Amino acid sequence: MDHILMVLMLIGGFGVFSQWLAWRTRMPAIVVMSIVGLVAGPILGIMNPQEDLGELFRPLISIAVGIILFEGSLNLDYREIRGMRKPVFRIVTIGAMLAWILGSLAAHYIAGLSWAVAFVIGGIFIVTGPTVILPLLRQAKLKPRAAAVLKWEGVIVDPFGALIAVFSFEFIQFITTESVEFSAVLMFLLASIVAAIIGGLFGYMIGWSFERGAVPEFLKSPVVLVTVIMAFVIPDMIMHETGLLAVTVMGIVIANMHIASINDMRHFKENISVLLISAIFIMLTASLGRDTLLSIFDPNILLFIAMMLFVIRPATIFLSTIGTNLEFREKLLVGWIAPRGIVALTVSAYFASILLDAGYDDAGILTSLTFGLVFFTVVAHGFSIGWLSRKLGLSMDDKPGVIFVGSNKFSTSFAKTLQNLDIPVIVTDASSSRLTHAKQAGVPHEHEEILSEQMEYQLDMTPYDFMLSVTEYDSYNTLVSSTFKPEYGKEKLYQLPLQSDAGDTLNDVSHHISGTVLFSDDITWTTLNEKINRGFIFKKKLITKEYTYNDFLDDCDAEDVLLVMLRQSGMLDFYSPEKQTLIGEPGDLVISLAKPNVD
C-alpha cells in the first residue's frame, strides 16, 4: 500500500511539475510531460506505473480518458461552427474513413504488419484528441475558423477511432475464425448505438435537472463527475471502447442545451483535465520499456511515421474538403496539425495484448509504433503550430490584447492610446449610449453584456490576454473579476479600486474574489474621468540609457497617474499596488495620464 501511495504521489508531482515547467519555458506541455515521463521511467528507472499499480493501471487510465473526452466535448456548441459545418462534417466522416484506409495500407506495406493488425492500427491512428489539440490551440492563438475545425475533429474522431479499431478486430475475427459468428459484429454495432443513447440520455438528464434546480449548486460538479463515470463504465461493460462514444455524446448534448451553469462545469472539468492529462502522460511514458524506445528508431517505423505526417494526413484533409469553403491556407494548417495522444496510446496498448492473444505475433510492435507516432507528432506539431500559423496568417497578433469592460471617457481614450501602439483592444458595454464614446474614438467595440452566455459566441476572446473592468459600479467590476478569474487568472484580470463610499461588506468580498487593483488604491473611476474632463492627456515616454526611469519619475507631477508599461519584449505591465517594484528598463515605454502642461 505504501509503495502504491508513493507511486501515485510521484505521478501527481511529476505531472504538475511538467505543466509548471512548460509554463515557465513556454514549451508545449505535452512535449515536456512526455520527456519527464521518459526520464522518470525507462531512462532513470524511478518508477514503472504499469507494474507498480498492477490491475489498477488500466481502469484508472480508461476512466481518466473518458473524463477528458467529456470535458472536450462540453465545448462543442453548434453555434461555434456556423458557416463551417460542411468542412467539419466532411473531415470527421469522409476524412476519417480516408485516414483509416490510407493508414492501414501504409501499416501493411511500409511497417510490414499483417492486414488484420494493419486495419486495427489504421483505425486507432485516425484520432488526434483534445488532450493534445486543445493545449496547442491555446498556445498558438489560432483564428476561430481553423481552431474550430481542429477542435471538433479532435473531440469527435477520438471515440470513432477506437470504435473503428474494435469493428476491424470483430470483422477480422469473423472472417478468419470459424468460432466467431456474424452476430458478434452485429453486437458491436448495436452496443455502439446503445452507448450513444445512454450518453444522450445522461446528458439530457443532467441538463434538465440543473435547469429546474433539482441539484444544489455545491453538488453540481460532483454529480456531473459521477454521471460521466457512469456514462463511461456502463457502455464499456457491454462492449469495450464504446464508453468513449457515450461520454462524447453526453458532453455534446449538455453543451447544446445552453444551460446557465455550463461555464461552472467547464471550469471544474478543465481543472480536473489538466491534472488527469498530466498524470496519464506520465503514467504511459514512464511505463514504456527501453526496448520499446529503441525499437522506435527502426527504419520501417520511421518511414511509416513520415508517411503519416507528410502524405496521408495532408491527402485526407485536401480530398475530404473539396468543394467546401475551407481556404487553401486553412487546409495547409489542418493538413499538417494532427498530433496523436492519450487515446491512441491507451487503445493501442489494449489491442496489442488482444491481438497477441489471438495469434497475431506482429502486434508486438504496436506499442512502439504508436508511441513513435505520438512522440514525433507531438514534438513536430507542438513546435511548429505557432510558426506555421503565423506564416499562413492564421494566428492572432503576438502582442497581448486588452478587453475593456465598460465604455467611458477614460476607458475609450486609454484603449485608443493602446490601439495606436498596434495593441489589440476592444471595449464592451451593455449600453449602446455609453458605447458612443468608443464609436466616436474609432475604437473596436462590442454591444453585449460581458457576463451573458451569448458573449462567448459574439466575441472571440483569444487575442486578449488582459481584462480590465473599468465601469463606475464597484459591485459589477467585482462580479466580472470573479466570473473570469478561472479563465484569465488574477495576474491578468484587473479592476478599478472601490469608490470611497463603498460599504464594508463589498470591501471584504472584494479582497476575496476581485482581480488585481488597477493603478493605486485611491485612483477610482470618478478620479480618472474627472482628470479626463480637466484635460489630462495620455503621455508616452520611452526609457533610454540617457533618459532613465528615475528621470521619468522626477518629471511626473503629483497628480499624474502611471497606467501601464509596454516592455521592449512586447509584454504589458499594468501599474497596481501589488507591483510596487515595477521598474522601467531601456527600451520600455511608459504610459501615464498626465497634466497637459507637463512636458
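**Figure 1. Contact between helices α2 and α17 in the predicted model**. I30, V31, S34, I35 and L38 of α2 meet F371, F375, V378, V379 and F383 of α17, where contact denotes heavy atoms within 4.5 Å. By class, the residues of this contact comprise nine nonpolar, one polar and no charged; Ala, Val, Leu, Ile, Met, Phe, Trp, Tyr, Cys and Pro count as nonpolar, Asp, Glu, Lys and Arg as charged, and the others, Gly among them, as polar. Helix α2 spans residues 29-43 and helix α17 residues 366-391; they pack at an angle of about 140°, with their axes 9 Å apart. Therefore α2 is oblique to α17, given that angles under 35 degrees count as roughly parallel, over 145 as roughly antiparallel, 65 to 115 as roughly perpendicular and the rest as oblique. The crossing of the two helices is left-handed, a term for the near helix being turned anticlockwise from the far one by less than a right angle, with right-handed used if clockwise. Axes are lines fitted to C-alpha atoms, for helices over the stretch in contact, and angles run from 0 to 180 degrees between N-to-C directions. Helices (H or I, at least four residues) and strands (E, at least two) are DSSP runs numbered from the N terminus.

Residues are numbered from 1 along each chain as its sequence is written. As this is a predicted model, local features need pLDDT of at least 70, side-chain atom pairs count only at pLDDT 80 or more, and totals for chains, interfaces and linings use all residues, while side-chain values use heavy atoms, with hydrogens and water left out.

**Figure 2. The aromatic pair F371 and F375 of helix α17**. The structure holds 20 aromatic pairs. The ring centres of F371 and F375 lie 5.9 Å apart and the planes are at 25°, so this pair is stacked. Rings of Phe, Tyr and Trp (its six-membered ring) pair if their centres lie within 6.5 Å; planes under 30 degrees apart count as stacked, over 60 as edge-to-face and the rest as tilted. F371 and F375 are four residues apart in helix α17, which means that about one helical turn separates them.

**Figure 3. Packing of helix α14 against helix α17**. Helix α14 (residues 299-320) packs with α17 at an angle of about 50°, the axes being 10 Å apart. This angle makes α14 oblique to α17, and the crossing is right-handed. From α14, I301, L302, F304, I305, M308 and L309 meet S368, L369, G372, L373, F376, T377, A380 and H381 of α17. The contact has 10 nonpolar, four polar and no charged residues.

**Figure 4. Packing of helices α5 and α6**. Helix α5 (residues 85-109) and helix α6 (residues 115-124) have axes 8 Å apart and pack at an angle of about 135°. The two helices are therefore oblique to each other, and α5 passes α6 in a right-handed crossing. A99, W100, G103, S104, L105, A107, H108 and Y109 of α5 make the contact with W115, A118, F119, I121, G122 and G123 of α6. Nine of the contact residues are nonpolar, five are polar and none is charged.

**Figure 5. The open parallel sheet of six strands**. The strand order is β3-β2-β1-β4-β5-β6, with parallel pairing; two strands pair if DSSP finds at least two bridges between them. The edge strands, β3 (445-447) and β6 (516-517), each pair on one side only. Strand β2 (residues 425-429) runs parallel to β3 and is joined to β3 by three bridges. T428 has E446 in β3 as its bridge partner. Helix α18 packs on the sheet, touching β1 (401-405), β2 and β4 (464-469), and its direction makes about 170° with that of β1.

**Figure 6. The open antiparallel sheet of four strands**. The strands follow the order β7-β10-β8-β9, with antiparallel pairing. At the edges, β7 (537-542) and β9 (572-574) each pair on one side only. The twist averages 20° from one strand to the next. Strand β8 (residues 561-566) and β9 run antiparallel and are joined by three bridges; D573 in β9 is the bridge partner of M565. Helix α18 (residues 409-419) lies across β7, β8, β9 and β10 (589-594), at about 30° to β7. Helix α23 (residues 525-533) lies across β7, β8 and β10, and runs at about 80° to β10.
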